[in-house]
Amino acid sequence: MNQIELSQILLAILPALIVGIVAFYFFSSYNKNEQNRRNFLLHRETQKTALPLKLQAYERMTLFLERISPGKILFRIKPNSNDKEAYERLLIHTIEQEFEHNLAQQIYLSTETWDYIKTAKNATIGIIRKANQQESVTDADKLRKVILKNLIEKQSPTEAALAYLKNEVKRFI
């Protein structure tokens, strides 16, 4: 084989090679676009079912925060006796029960939102315990008054968590 025959073979193969490379590029590009389209459609279909569940979880956690709000829980849960320690335990037990009832909702919430909710719950319990430790609190009624007085002076932790929840939900809608 001489050099002229070799150059003629290369000239014959070169267009086929170029066509093959261009075809491969277009085929791989088409496959990539089709995969992205399928992923988008799957994501959109998943969102149709997931969004209502997410919004329901946010609604339930809003209800939870409203129910454990110090001002509302004090009016909803009346003391059984004058014993301030028993009333403190009753309030904390009620808050813990409400929280445990809604524990599964965390899978639909962002980590930051769940942290806000846990912090609000723990801060509310802290407010109750701190109020009960004051020397002026001698019975359950005085405990209620001290907690309500503290709420007038500063924002409750549940209000801050509710504000965060509302902002988070606005991003979905």
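Author: Tyrosine 164 counts as partly exposed, at 22% relative accessibility (buried means under 20% relative accessible area, exposed over 50%, partly exposed in between, with a 1.4 Å probe and protein chains only). The model is predicted, so local features need pLDDT of at least 70 and side-chain atom pairs count only at pLDDT 80 or more, whereas totals for chains, interfaces and linings use all residues. Residues are numbered from 1 along each chain as its sequence is written, and side-chain values use heavy atoms, without hydrogens or water.

There are four aromatic pairs, a pair being rings of Phe, Tyr and Trp (its six-membered ring) with centres within 6.5 Å; planes under 30 degrees apart are stacked, over 60 edge-to-face, and the rest tilted. Tyrosine 164 is stacked with tyrosine 116, at 4.0 Å centre to centre and 10° between the planes. This pair links distant parts of the chain, 48 residues apart: tyrosine 116 belongs to helix α4 (residues 111-132) and tyrosine 164 to helix α6 (residues 157-172). Helices are DSSP runs of H or I with at least four residues, numbered from the N terminus. Tyrosine 116 is also partly exposed, at 39%.

Phe64, Phe99 and Trp114 make up one aromatic cluster. Lysine 121 lies over the face of phenylalanine 99, 4.6 Å from the ring centre; for this, NZ of Lys or CZ of Arg must be within 6 Å of the centre and within 35 degrees of the ring normal. Lysine 121 is buried, at 7% relative accessibility.

Lysine 121 also forms a salt bridge with glutamate 96, with 3.3 Å between the closest N and O atoms. Here lysine 121 in helix α4 is linked to glutamate 96 in helix α3, 25 residues apart. Glutamate 96 is partly exposed, at 26%. A salt bridge requires a side-chain nitrogen of Lys or Arg within 4 Å of a carboxyl oxygen of Asp or Glu, and the whole structure holds eight.

Glutamate 88 and arginine 129 form another, at 4.0 Å between the closest N and O atoms. Because glutamate 88 lies in helix α3 and arginine 129 in helix α4, the pair ties together parts 41 residues apart in sequence. Glutamate 88 is buried, at 11%, while arginine 129 is partly exposed, at 42%.

Glutamate 98 meets arginine 67 in a salt bridge of 2.6 Å, N to O. Glutamate 98 lies in helix α3 (residues 84-101) and arginine 67 in helix α1, so parts 31 residues apart are tied together. Glutamate 98 is buried, at 13%; arginine 67 is partly exposed, at 31%.

Definitions and conventions
Helices (H or I, at least four residues) and strands (E, at least two) are DSSP runs, numbered from the N terminus.
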